[in-house]
Each structure stands twice: as structure tokens, then as C-alpha cells.
Amino acid sequence: MNIPVERRRDRDSGEYFEMVGALKFEDGFLRKKVSIKSISTQNVKPSLDELEKFGRVGDDVNEDVARLSTLSRKKGHFMKGDAVVVVKGDLKDIRGCVEKVEDSIVHIRPTRSDLPKTLAFSEKDLCKYFNPGDHVKVVFGVQEGVTGMVVKVEGHVLTILSDTSKEHIRVFADHVVESSEVTTGLTRIGDYELHDLVLLDNLSFGVIVRVESEAFQVLKGVPDKPEVLLVKLREIKYKIDRRTSAKDSKNNTVSTKDIVRVIEGPCKGKQGPVEHIHKGICFIHDRHHLEHSGFICAKAQSCVLVGGSVVNSSRMGVDTADPRLGAFRSPARILQSPGGLPPRGPYMNSGGRFGGGGRGGRGHDALVSRCIKIKSGPYKGYRGRVKEVNGALVRVELDSLMKIVTGE
């Protein structure tokens, strides 16, 4: 923006600042002196992010977290059965279970056997306690309403795996309650819904990975670095719903719903079904990927089709190695050589060269372990590997379902 920035030392404090004219900046924040009368210090409830952002090296952040997490408490915060931990006094870090609550005094049953059966504390001396695996609901703060499972406990801060976005969020322990409720969240605004592929105003494209009250989070089709934009409804031009295909790194044709594995790039090693393909970019849903609703973005050329040929099938001699492979050819190949379809009935079971019971069954060896695509029937379109041939029946291990089926 052609704004001159100069790094200078302040005469009074001796600190260094980035100077823009007379304005002093530090770590992106404007440092400014103001009158104490012009600011309010009452009922300030900083978020966890703010506390960590403004914390100084050497500060006892856990102590601040324990103190600040209590500021937002409402009447009836503690209830019988709540798991709590003492945060102040001689019995600090003692855990227990709430027995009863009288005004601001909470009676707990400590877990330690060397202590009295019940102890009384001021509610300010206690904080709720949760264990990994507990299912909770956020009842205060910017994440209010979110439900999920506790996956990590750090002092008085919980890391929760959200039920809706499948992302990790960090909240104060005092901002959540144990709950079996599972929020579904918004899935649609106007003509657009979760997991749609959309074209944006700037002609970039991406998949909707989260629907908020007035906007969408869109994972852009940039394979080198995951990039999520917050997009308003008016910034979307239209939904991209045309079906396309692309070639993987081994020249196999990849279509939607095919299972692919990423073999290079930042998402290397991830695997899942292709939900969308646009301009050679695949949007893959990996249920083990916890961010962006499980979606990852990769070039088709950086992927390999699970169960696909190692090299192009025409170079492997698929058309000539075994006449029975005609049953698994793509429709285009069948139209080009209709005479290549295998005859049915006695030919397949005659015990001859390609028969099921003849001694010269070398055709079995040619077909077993081959990667094929099923042309018709209930498993039409599925890819897999031939495990066994028995006459007219072929047993195929399907890549996507991880099970073995039998068909003609």
C-alpha cells in the first residue's frame, strides 16, 4: 500500500516499535496512551484467545484462566453431581463431586480418602472439571451452543471436537456443561447447502464446509495450501453441479465417488471418495481428517485411483490377455470392439482353454489379481481386484466396500 514503516526506538521506554508517522505499533497492535477516565474496566470478560494473545512470558496463565473463567458464571452454576476441582487455597487441585449448594457455598465430596467426607468451599474457589471422552455443550462465549466431545484437558481449558464442524475448539471449562445433546447446526442458506461446490465472484471455486448464520465457510480449490474463506450469500455466483472426470497420476480416469489416495503434496497419504471434480482439482472426503468437515483438496495428478491400473490398461494388453476381461471393459471399449465380448454358457464351462474345470486353465492365472471395473448389476461402477475364478463366476474384492462379492 506504499505506506512508509520505520522501526525506531522509543526515547522514554527504550522499546522498539514500527512507526507509521506518529503512531507506534507492536506485534500488529497500536500502542497508545489514553486517559483512565476514557476506558471501562468493569465486567470485562476476555476470551481465551485474548488472554493468550496478551499474556506475557512468565505470567501464570493457568492462574489467570482459573480467575477469568469464573467471571461469566450465572446463578446456579454448580449443581449436585458436578465434578469440580479446587483452584485456590491450601487444598488447591483437590478434586471432588458436588453434594449440595447453599447460596454461594458449595459442599463437595473429595476423591481423596485422607480428607473429611464433605468439604465446604466458596464457589469462587472451585472450577468445573471434565475428563477426555465427556460429551459437553458450550453455554457461554463466542462458541455458545456448540456441542462436542472433550479430547484434551489443559488445566481449566478444554479442547473439544465439535459435532458439526469436526474441528477442535478451545474453551474455558466453566463455559461448558455435560450434555448428551448433539447440535446439527445450519446446513442451508438460500439455494446453497453444506458440501456444495460453488463458484465465487472472483471466479475462484470451492466447497462449502460450514454454514453460519449469515455466511458460508468455503474451502478453496487451492491444492498447495488449505485456504478457507468466509463468504456472504451475495458473493456466490452459482452452484457447480456438472459431472466431470480427470486423470490420476497413473492415467486412470477418476470420477465422483471413486476412492483415491493422495500420493504427493501437503495431503499426502490421505484417502477417501471424490465428492467433486473441477478443472482437474479433486475435493476428497476423508473421514479421518478433522478439519474443514473432513474435506481435503488435491490435484487429480497428485492422486492415484484405489484399485486402478498401475499403467494405462491398453499398454497392459487388457484387450488381448484374456477374452473374459471383455465383461469388465468400459462401455466405450465395448462399442469399439463388440466382437470381443465373451460367449456365455458352454464356452465358459467347457473345460477348454478358458474353462473352469479343464486342465489347461491358464486363463485363470491371467485374470486373478487383475484390477477390474464392474459393468452391470448391483455393484455397477465399483472397482476391485479379482480374487478367484470358478467357471462363469468371478469373486472380486471391492476396494471401496472392503468386502468380497461374487458375480458372473
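The predicted model holds 16 salt bridges, a salt bridge being a side-chain nitrogen of Lys or Arg within 4 Å of a carboxyl oxygen of Asp or Glu. Since this is a predicted model, local features need pLDDT of at least 70 and side-chain atom pairs count only at pLDDT 80 or more, while totals for chains, interfaces and linings use all residues. Residues are numbered from 1 along each chain as its sequence is written, and side-chain values use heavy atoms, with hydrogens and water left out.

One of these salt bridges pairs the side chains of Glu15 and Arg31, at 3.6 Å from N to O. Glu15 sits in the loop between strand 1 and strand 2 and Arg31 in strand 4 (residues 29–31), so this bridge ties together parts of the chain that are 16 residues apart in sequence. Strands here are DSSP runs of E with at least two residues, helices are runs of H or I with at least four, and both are numbered from the N terminus. Arg31 also meets Glu26 in a salt bridge, this time at 2.5 Å from N to O.

Another salt bridge joins the side chains of Glu102 and Lys100, with 3.4 Å from N to O. Glu102 is partly exposed at 41% relative accessible area, and Lys100 is partly exposed at 43%. Back at Arg31, salt bridges with shared partners join Glu15, Glu26 and Arg31 into one network. In general terms, side chains of opposite charge can pair when their charged atoms come close.

A polar atom of the Asp10 side chain lies 2.9 Å from the backbone nitrogen of Ser13. The side chain of Asp10 also makes a polar contact of 3.3 Å with the side chain of Lys24. A polar contact is a pair of N or O atoms within 3.5 Å; within protein, one must be able to donate a hydrogen and the other to accept it, and residues adjacent in sequence count only if both atoms are side-chain atoms. Leaving aside residues up to four places away in sequence, Asp10 touches Glu15, Phe17 and Lys24, where contact means heavy atoms within 4.5 Å. Two of those neighbours also meet: the charged end of Lys24 sits over the ring of Phe17, 5.2 Å from its centre. That label requires NZ of Lys or CZ of Arg to be within 6 Å of the ring centre and within 35 degrees of the ring normal.

Aromatic side chains come next. The structure holds two aromatic pairs. In the pair formed by Tyr192 and Phe216, the arrangement is edge-to-face, with 6.3 Å centre to centre and 85° between the planes. This pair links distant parts of the chain, with Tyr192 in strand 16 (residues 192–193) and Phe216 in strand 19 (residues 215–220), 24 residues apart. Tyr192 is buried at 11% relative accessibility, and Phe216 is buried at 0%. In the other pair, Phe205 and Phe283 have ring centres 6.3 Å apart and planes at 80°, so this pair is edge-to-face. Phe205 belongs to strand 18 (residues 205–211) and Phe283 to strand 26 (residues 281–285), so the pair ties together parts 78 residues apart in sequence. Phe205 counts as buried at 10% relative accessibility, and Phe283 is buried at 0%. Rings of Phe, Tyr and Trp (its six-membered ring) pair if their centres lie within 6.5 Å, with planes under 30 degrees apart called stacked, over 60 edge-to-face and the rest tilted.

Asp191 lies in the loop between strand 15 (188–189) and strand 16. At 58% relative accessibility, Asp191 is exposed. Not counting residues up to four places away in sequence, Asp191 touches Asp196 and Lys239.

Conventions
Buried means under 20% relative accessible area, exposed over 50%, partly exposed in between (1.4 Å probe, protein chains only).
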